[in-house]
Amino acid sequence: MEVILQPDAAAAALLVARVIAREIRRQPKLVLGLATGRTMEAVYAHLACMHREEGLSFAACRTFNLDEYIGLPPEHPASYRQYMNQHLFSQVDIDLQNTHLPDGTATDLTAECAYYEHLIVECGGIDLQLLGIGHDGHIGFNEPMSALRSRTRDKTLMRSTIEQNAEMFAGELSKVPYRAITMGVGTILESKRCLLLATGYEKAGIIAKALEGPITSRVTASALQLHAHCTVVVDYAAAATLEETEYYRWIFENEPEWQNF
Ligand code: F6R
């Protein structure tokens, strides 16, 4: 795992967008794993801007989102499909047929989850998986105690996650679905590269646990310590309680990947 520190949230989001852009330019048929949430909005805004101003093309990309609420149709304003349409898909030249999210309205959820896993494999696996982190340490909606080998499945959300996401439902907790389909931790770990972004003081405690604490299903993001190619980008606020920051800075300054980046 490599950890990159950036002074603020804006610089961290820009760096993540530039990593994604570089991978798309290297490999136009990139299979991109996507996340939703407030943190990602700035990343998608940068990618949209790179499309408009630098000709970054998503035309050959295929995408798989981490999760979707159960019970929300794709046209629901708070569905993750709508989030993706609004923040990225409508802003770039991606073919919507190449964009995938789990179907939260499927009548047979087990079959839907198996189908989603099948689609990922059929596309050759995820090349680059973008991740945020929840206050409880979740990646995707893999809440505490999710098996570190879990696959795409339906999952009941923690109360704290429901509260975290209530904003999209006008702050009404009762309107937030309490179940979602999510890629499993095992599914995420099979991506060729993981790229996690976390910003803000409120993520500092959980970031320290995930990056420098023990690998545990209580903090599913800690499973990323097992990944062979995982980059974590944090702003100084989210890095506030990390212990190895001097070492992370040294690596960033000396790793060839980041020279002249
Ligand atoms: C959403 C997802 C979640 C979020 C996480 C952080 O698709 O997978 O794991 O990335 O909850 O959300 P924000 O950025 O809103 O703090």
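A pocket is, on a 1 Å grid over the protein atoms alone, an open set of points where a 1.4 Å probe fits, with protein on both sides within 12 Å along at least five of seven lines. A molecule sits in a pocket if more than half of its atoms lie within 2 Å of its grid points.

The model is predicted: local features need pLDDT of at least 70, side-chain atom pairs count only at pLDDT 80 or more, and totals for linings use all residues. Residues are numbered from 1 along each chain, and side-chain values use heavy atoms.

**Exercise 1.** State which pocket the ligand takes, and describe its shell.

Step 1. The ligand takes up the largest pocket.
Step 2. Around the ligand are 14 residues (a heavy atom within 4 Å).
Step 3. Three of the shell residues are nonpolar, eight polar and three charged (Asp, Glu, Lys and Arg count as charged, Gly as polar).

**Exercise 2.** Find the ligand's distance to the side chain of Asp67.

Step 1. A ligand oxygen is 2.7 Å from a side-chain N or O atom of Asp67.
Step 2. A polar contact is a pair of N or O atoms within 3.5 Å.

**Exercise 3.** Classify the ring pair Phe64 and Tyr116.

Step 1. The structure has nine aromatic pairs (ring centres within 6.5 Å).
Step 2. The centres of Phe64 and Tyr116 are 5.7 Å apart and their planes at 75°, so the pair is edge-to-face (over 60 degrees).

Notes: A polar contact is a pair of N or O atoms within 3.5 Å; within protein, one must be able to donate a hydrogen and the other to accept it, and residues adjacent in sequence count only if both atoms are side-chain atoms. On a 1 Å grid over the protein atoms alone, a cavity is a set of points where a 1.4 Å probe fits but cannot get out, and a pocket is an open set with protein on both sides within 12 Å along at least five of seven lines; lining residues have an atom within 4 Å of a point. Rings of Phe, Tyr and Trp (its six-membered ring) pair if their centres lie within 6.5 Å; planes under 30 degrees apart count as stacked, over 60 as edge-to-face and the rest as tilted.
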